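Biologist: Could you put the model up and talk me through it? I would like to go through it by topic.

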Amino acid sequence: MRTLPDGFNGAVMAVESIDDAVAFLHGPGGCRVRHMVHSSAVYPRMTPGSDEDWFGPYYYGYPRVPASYLDEYDFINGAFYKLDEALPIIADKKPSLIVVINSPGAALIGDNIEKAIRDNGLEDLAIYMDESLVSMPVTECYGHMMRAIMEHLAPKRDKVRPGTLNILGLSLLDKDWAAARDELCGYARDIGLEVISTPGAGASVSDLKASAEAEFNMVVCPEMCAGLTDYYESLGIPTVRSPAGAPVGFSALRKWIETMASASGKDPSAALGRVGKAERAVFDKLSGMRYMPLRIRALSFSVAGTASVVRPMAEWLYGYLGMIPIAAAVDPGADEKETAALKEFLGSHDMSEAFGEEPAEGSDVVLCEGVTANIMAAGGCVGIPIGYSGSGLDDMIPRPIYGIQGARYILDELVHGVRGS
C-alpha cells in the first residue's frame, strides 16, 4: 500500500512554491518537521551567512514553514496569544505574503486567526486557510490554495501582452521540478513566446500578479492546477492542454510543444528540432549497446502516480521500448480525461486488467513515488522514482520526469537497472 501526501501537505507546499511567501503553520512542532525539511530540500532559499537570522522564536533555525508550536496547554486553553505574538515576527522578515494554515488539531481549537491578522494590521499581507484539508487529495488542495492566493492578490487584467503565457501544473511535489520548469520554459522561448509566470513552481508574488496579463495558460499536469485554471478562465485567460497529457517521453513532449505553438500561432520547428536531436542521440546510444534494447523489450512494468503522468508514461514505455504494463494506478484526484485516455489505451491493447492495479510484486520495473519504488527495488525489480517522495535530497544531477531530461532519466535508470539485474 503506497503512502501519499494529502491535501494538508499540498496546501503547505503550494504556499512554499511562491518565492517570497511564507506558510505559517498554526500547530505543533511535530506537524512542522516534514514540511520544513521537504521545502528546504526541494526549494532551498537559505543564503550563505544567513543562518543566524533564523534562530528566533517560531523559526528555530529553519527559514521554511515557521510554526506556532502548540502544546497541551494551548489545546486546552487556546493559542490566540501565540498567533498574536508570531505574526509580527514573521512580518519583520519582509515576506510579500503570509498564509496561515491550521494543522488538523489546531482547527479544533477555533482560534480567531482573522482577528490576529486584523489586530496586527496585516490584512494586506496575510491570509489564512481554515478548512479541513487533511482528507482531500493533494492535487486538489495544491490548486485550491493557489487559487485562494490569486483571489487575495486580485490582479487586474487591464491589458493582454501578446506572445505571452503562464505554465501551470508544475509543483514542488514534482521530482526535480526546477529543472523541468527551466526546460519547458526554454521550449516556449524557442518558438518565440515569453513565459510570464509558473504559478505553483517558483513564481514570486509579483510574477503571480503579472500572470493576469498572459495571452493563455499552458498546462503540464491538469491535476496540479485544478481550480486555478478556473480562476484564470474567469479573468478571460484560456487554458491550453496537450491531448497527449503531460510531456513525459519524446512523443508526448513533441505533442505538448506542438499544442503550445498551435495555440499561439507560432512555428514549433526550433523546439521540435531540439527534441529530435536528443531523441537521435538516445537512439545512437541504445544502438551502440548491442543487446540492451532486446533485454528491455517485453519487460513488465507497474506505474502509479498522477493520471496525466501515468498515461503518457505507459504509452511511451509500451510504444517506444516494447515494455508491457501489468499495473497502472492513478492517484486520488485524477483528471477524468486523462483517466479515460489511459483506460482506452490499455483496452485497445487487451490490457484492461492492468488499470487500477497498484505496483505489483513480480514486475520487472516499478515506476512510482520514491518510497515505494525503493522498497520494491530491494525485492529485486528495477525501481524508478517518478513522484512525490523523490525530494531531491540525494540527486546532484537533475532527474526530472518531464522533457528531454525526463526521458533520459527514465532510460538511464532502465539501462543501469537491467544491466545490474
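Biologist: How many salt bridges does the rule find across the interface of domain 2 and domain 3?

Modeller: The rule finds two across that interface, where a salt bridge is a side-chain nitrogen of Lys or Arg within 4 Å of a carboxyl oxygen of Asp or Glu. Before going on, this is a predicted model, in which local features need pLDDT of at least 70, side-chain atom pairs count only at pLDDT 80 or more, and totals for chains, interfaces and linings use all residues. Residues are numbered from 1 along each chain as its sequence is written, and side-chain values use heavy atoms, with hydrogens and water left out.

Biologist: Where do the domains run?

Modeller: The chain is divided into domain 1 (7–136), domain 2 (161–272) and domain 3 (285–417), with bounds that come from an automatic or database domain assignment. Taken over C-alpha atoms, the centres of domain 2 and domain 3 are separated by 24 Å.

Biologist: What area is buried between domain 2 and domain 3?

Modeller: About 2300 Å² is buried between domain 2 and domain 3, and carbon and sulfur atoms give 59% of that area; buried area here is the accessible area (1.4 Å probe) that two parts lose on being put together, summed over both. In residue terms, 24 residues of domain 2 are in contact with 32 residues of domain 3, contact being heavy atoms within 4.5 Å.

Biologist: And how many residue pairs are in polar contact there?

Modeller: Between domain 2 and domain 3 the count is 13 residue pairs in polar contact, both residues at pLDDT 80 or more. A polar contact is a pair of N or O atoms within 3.5 Å; within protein, one must be able to donate a hydrogen and the other to accept it, and residues adjacent in sequence count only if both atoms are side-chain atoms. On the side of domain 2 that touches domain 3, the elements giving two or more residues are α7 (177–190) and α10, and α7 provides the largest share, four residues. Helices (H or I, at least four residues) and strands (E, at least two) are DSSP runs, numbered from the N terminus.

Biologist: What classes of residue does that side of domain 2 have?

Modeller: The side of domain 2 that touches domain 3 has 16 nonpolar, two polar and six charged residues.

Biologist: Back to charges, then. What is the N to O distance between arginine 241 and glutamate 338?

Modeller: The salt bridge between the side chains of arginine 241 and glutamate 338 is 3.6 Å, N to O. Arginine 241 lies in the loop between β7 (239–240) and α10 (250–264), while glutamate 338 is in helix α14 (residues 336–348), so the pair ties together parts that are 97 residues apart in sequence. The side chain of arginine 241 also meets that of aspartate 335 in a salt bridge, at 2.9 Å, N to O.

Biologist: Is glutamate 338 buried or exposed?

Modeller: Glutamate 338 counts as buried at 2% relative accessibility, whereas arginine 241 is partly exposed, with a relative accessible area of 29%; buried means under 20% relative accessible area, exposed over 50%, and partly exposed in between (1.4 Å probe, protein chains only).

Biologist: What else does glutamate 338 touch?

Modeller: Not counting residues up to four places away in sequence, glutamate 338 touches Pro222, Glu223, Arg241, Gly245, Ala307, Ser308 and Arg311. With arginine 311, a polar contact of 3.0 Å joins the two side chains.

Biologist: How many salt bridges are there in the whole structure?

Modeller: A search of the whole structure finds 20. One of them pairs glutamate 258 with lysine 255, with the closest N and O atoms 3.7 Å apart; being three residues apart in helix α10, glutamate 258 and lysine 255 are separated by about one helical turn. Elsewhere, salt bridges that share partners join Arg241, Arg311, Glu315, Asp335 and Glu338 into one network.

Biologist: New topic: where is phenylalanine 250 placed?

Modeller: Phenylalanine 250 is in helix α10 and is buried, with a relative accessible area of 1%. Its contacts beyond four places in sequence are Val275, Ala278, Glu279, Val282, Trp316, Tyr320, Ala407 and Leu411. Phenylalanine 250 and glutamate 279 are 29 residues apart in sequence and 7.1 Å apart in space, C-alpha to C-alpha.

Key: Nonpolar A, V, L, I, M, F, W, Y, C, P; charged D, E, K, R; others polar.
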